Amino acid sequence: MYVRSLGVNLVEHNIDTDREKKEEMKKKSGGSIAVPLLDIEGQIIRGFSQEAIKAAIDKSLTRR
């Protein structure tokens with residue numbers, strides 16, 4: 001998977017079986033349950049975009 005290939009920790013949740021995570025996702029996405037939704041240290045990315053994911057990871061690493 002692309003995110004793991006960048007050497008970062010990835011936690012996946014199944015919103016079909018975890019109601020609490022589904023509600024959390026809806027709050028973070030403005031009500032959407034479209035997947036994937038990535039939360040990279042507060043930076044929300046809807047859908048899959050290698051460029052957006054890489055930029056969010058780079059940004060989070062520079063804040064440390």
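Visitor: In which element is Ser60 found?

Guide: Ser60 is found in helix 3. Please keep in mind as we go that this is a predicted model.

Visitor: What makes Ser60 count as buried?

Guide: Ser60 has a relative accessible area of 4%. Buried means under 20%, so at 4% Ser60 is buried. Leaving aside neighbours within four places in sequence, Ser60 is in contact with Ile40, Glu41 and Gln43.

Visitor: Why does Gln43 count as buried?

Guide: Let us apply that cut-off again. Gln43 has a relative accessibility of 17%, and the limit for buried is under 20%, so Gln43 counts as buried. Gln43 lies in strand 2, which covers residues 43–46. Apart from neighbours within four places in sequence, the contacts of Gln43 are Leu38, Ala56, Lys59, Ser60 and Arg63.

Visitor: Why is Glu41 called partly exposed?

Guide: Glu41 comes out at 45% relative accessibility. Buried would need a value under 20% and exposed a value over 50%, with partly exposed in between. Because 45% falls in between, Glu41 counts as partly exposed. You will find Glu41 in the loop between strand 1 and strand 2.

Visitor: What is phi of Glu41, a residue other than glycine?

Guide: Phi of Glu41 is near 50 degrees, which is a positive value. Positive phi also turns up at a glycine: Gly30, which follows helix 2, has phi near 75 degrees.

Visitor: How do you know that the peptide bond from Val35 to Pro36 is cis?

Guide: The angle to look at is omega, and for this bond omega is near 0 degrees, a cis peptide bond. Pro36 is found in the loop between helix 2 and strand 1.

Visitor: What reaches the backbone nitrogen of Glu20 at the start of helix 2?

Guide: A side-chain oxygen of Asp18 does, coming to within 3.2 Å of that nitrogen.

Visitor: Which pattern does the chain follow along the sequence?

Guide: The pattern is α-α-β-β-α. In total, the secondary structure comes to three helices and two strands. Of the 64 residues in the chain, 19% count as buried.

Visitor: How much space lies in the largest pocket?

Guide: The largest pocket holds about 880 Å³ of space. It is lined by 28 residues, and those closest to its centre are Leu10, Val11, Leu37, Leu38 and Asp39. Helix 1, helix 2, strand 1 and helix 3 each give two or more residues to the lining of the largest pocket. By class, that lining has 17 nonpolar, four polar and seven charged residues.

Visitor: What pLDDT does the chain average?

Guide: The average is 94, and 100% of the residues score at least 70. Confidence is lowest in helix 1, with a mean of 91, and highest in helix 2, at 97.

Methods:
Residues numbered from 1 in each chain as written. Predicted model: local features only at pLDDT ≥ 70, side-chain atom pairs only at ≥ 80, totals over all residues. Heavy atoms only, no water. 1 Å grid on protein atoms, 1.4 Å probe; cavity = no way out; pocket = protein on both sides within 12 Å on 5 of 7 lines; lining within 4 Å. Points joined across faces, edges and corners; volume = space filled by probe spheres on them. Helix = DSSP H or I, 4+ residues; strand = E, 2+ residues; numbered from the N terminus. Nonpolar A, V, L, I, M, F, W, Y, C, P; charged D, E, K, R; others polar. Buried < 20%, exposed > 50% of the residue type's maximum accessible area, 1.4 Å probe, protein only. Contact = heavy atoms within 4.5 Å. pLDDT = per-residue confidence, 0-100. Polar contact = N/O pair within 3.5 Å; in protein donor to acceptor, adjacent residues only side chain to side chain.
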